[in-house]
Amino acid sequence: MTAAPIVEFSDVSFAYPEPGRARRRPFRLTALTFGIASGEILGVIGPNSVGKTTVIRLLTRVVTPRSGEIRLEGSPLAALSRADVARRVAVVPQALPAAFPFTVAETVLMGRYPHAPGRFFESEADRARSREAMAQAGVLGLAALPVAELSGGERQRVVLARALCQEPRLLVLDEPTAHLDLRHQAETVALLRRLRRGAGLTVLLVSHDLNLAAEVADRVLLLNDGRIERIGAPESVLDEPTLSRVYGCPVVVDKHPSTRRLTVHIVWGSS
């Protein structure tokens, strides 16, 4: 990495507390050390239950490392208030609840809260930023509609608009295309590229979609069994032997004929 890191994980380990009876599959993350450079898109991939979501929870102070240190823009994360973190990091979850009782405009304006948590009313500048964020995410025309009336894909774009309204330094995306049709998947990828070029936004992309990670990420971090299996450029991480071993099924890694980006295909077994 050439740019200074926005996020640094240094030998970070974590384990969820054991319940009253022993867990059948104890979960832990071990010795995570990596950084995310300013303006970089880092893709985090791996099978289910390897710790991808826990990385997000650690970064947003929902949970605390057992050991090691996380730094955000050079400051120890543990020393920052939740408002400080929220002004710098915005998370786009997989979906909003279907019964979320607000309009699109109201929901997007919630992204301004970390900038003035003691204030009861938004300013004209807040409303202008909200309109800009809705336009970026393609939901400005839905502003007056209740979120509960939207499709899953539309709700996902509303959550993205709320995160953009937050004006973060780091945008964390948790399965950002999971509920989107092909057209909106393509638009989301294009938006990520525009944000990185225009605003210098840094992105942590957590996804099961290996092809999405290969398409947009500068580097890919592959988690396996609570540790970093490999990190680097997509070409150095997404190779057939490694993916087949980590995911437990045969895969073929090829290059798209026009874009030359890597594509990963499952080798389907015969019945």
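## Cysteines and an open sheet in a predicted model

A search of the whole structure finds 0 disulfides, where a disulfide is counted as a pair of cysteine sulfur atoms within 2.5 Å. In general, a disulfide is a covalent bond between the sulfur atoms of two cysteines. This is a predicted model, in which local features need pLDDT of at least 70 and side-chain atom pairs count only at pLDDT 80 or more, while totals for chains, interfaces and linings use all residues. Residues are numbered from 1 along each chain as its sequence is written, and side-chain values use heavy atoms, leaving out hydrogens and water.

| Residue | Relative accessible area | Class |
|---|---|---|
| Cys-165 | 0% | buried |
| Cys-249 | 26% | partly exposed |

Turning to the sheet, 6 strands form an open sheet with mixed pairing, in the order 6-7-8-3-9-10. Strands are DSSP runs of E with at least two residues, helices are runs of H or I with at least four, and both are numbered from the N terminus; two strands pair if DSSP finds at least two bridges between them. Strand 6 (89–92) and strand 10 (227–232) are the edge strands, each pairing on one side only. Strand 3 (residues 41–45) pairs with strand 8 (residues 202–206) in the parallel sense over 4 bridges, and Val-44 stands opposite Val-206 in strand 8.

Helix 1 (residues 52–59) packs on the sheet, touching strand 3, strand 6, strand 7 (170–174), strand 8 and strand 9 (219–224), where contact means heavy atoms within 4.5 Å.

Note on methods:
Axes fitted to C-alpha atoms, helices over the stretch in contact; angles between N-to-C directions. Buried < 20%, exposed > 50% of the residue type's maximum accessible area, 1.4 Å probe, protein only.
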